[in-house]
Amino acid sequence: MADAGVARAQDGGLHSGTLTRADLADVVHRQLGLSRAEAASMVERLLFHMCHALSEGQNVKISGFGSFILRDKGERVGRNPKTGIEVPIAPRRVMTFRASQMMREKIAK
């Protein structure tokens, strides 16, 4: 991922401050020499497999980057801040991201 930021900065800097699928595909295209279509397909397949694993209840861990962790939250009572009325909040599954130690160190610089 560090290469993506460097590659984008050489092309004139960050446009929106967000790394997109197109940016990832462009880096794969330039770094691996694949065609743009092949690079875009590779990025899409990677994201598809990550999404599929998460939808099947599996956590996704990418060494040196971080982990996408699923957590089941139980039912609880919330409160409408405007009216003060208590409202039940249904149980749900949430996804969290935990950055690896290596990623945290790079971000802290």
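These numbered points walk through a predicted model of a protein.

1. Overall make-up. The protein has 4 helices and 5 strands. Start at the N terminus and the elements run α-α-α-β-β-β-β-β-α.

2. The protein has 109 residues, and 21% of them are buried. Its accessible surface is about 8300 Å². Carbon and sulfur atoms hold 57% of that surface.

3. Contacts along the chain. Take the contacts with a separation of 6 or more. Of these, 29% join residues 24 or more positions apart.

4. The core. Which residues make up the largest nonpolar core? There are 6 in all: Met 50, Ala 53, Leu 54, Val 60, Phe 68 and Leu 70. Two elements give two or more residues each: helix H3 (36-55) and strand E2 (66-73). Helix H3 supplies the largest share, with 3 residues.

5. Val 60. This residue belongs to the core. Leave out residues up to four places away in sequence, and Val 60 touches Met 50, Ala 53, Leu 54, Gly 66, Ser 67 and Phe 68. Among these partners, Met 50, Ala 53, Leu 54 and Phe 68 are core residues too.

6. Ile 69. This residue sits in strand E2. Buried would need under 20%, and exposed over 50%.

7. Partners of Ile 69. Beyond four places in sequence, Ile 69 touches Asn 59, Val 94, Met 95, Thr 96 and Arg 98. Look at Arg 98, which lies 29 residues from Ile 69 along the chain. The C-alpha atoms of these two residues are 7.5 Å apart.

Technical notes
Residues are numbered from 1 along each chain as its sequence is written. This is a predicted model: local features need pLDDT of at least 70, side-chain atom pairs count only at pLDDT 80 or more; totals for chains, interfaces and linings use all residues. Side-chain values use heavy atoms; hydrogens and water are left out. A nonpolar core is a set of buried Ala, Val, Leu, Ile, Met, Phe, Trp, Tyr and Cys residues joined through side-chain atoms within 4.5 Å. Buried means under 20% relative accessible area, exposed over 50%, partly exposed in between (1.4 Å probe, protein chains only). Contact means heavy atoms within 4.5 Å. Accessible areas come from the Shrake-Rupley method with a 1.4 Å probe; for residues, only the protein chains shown count as cover.
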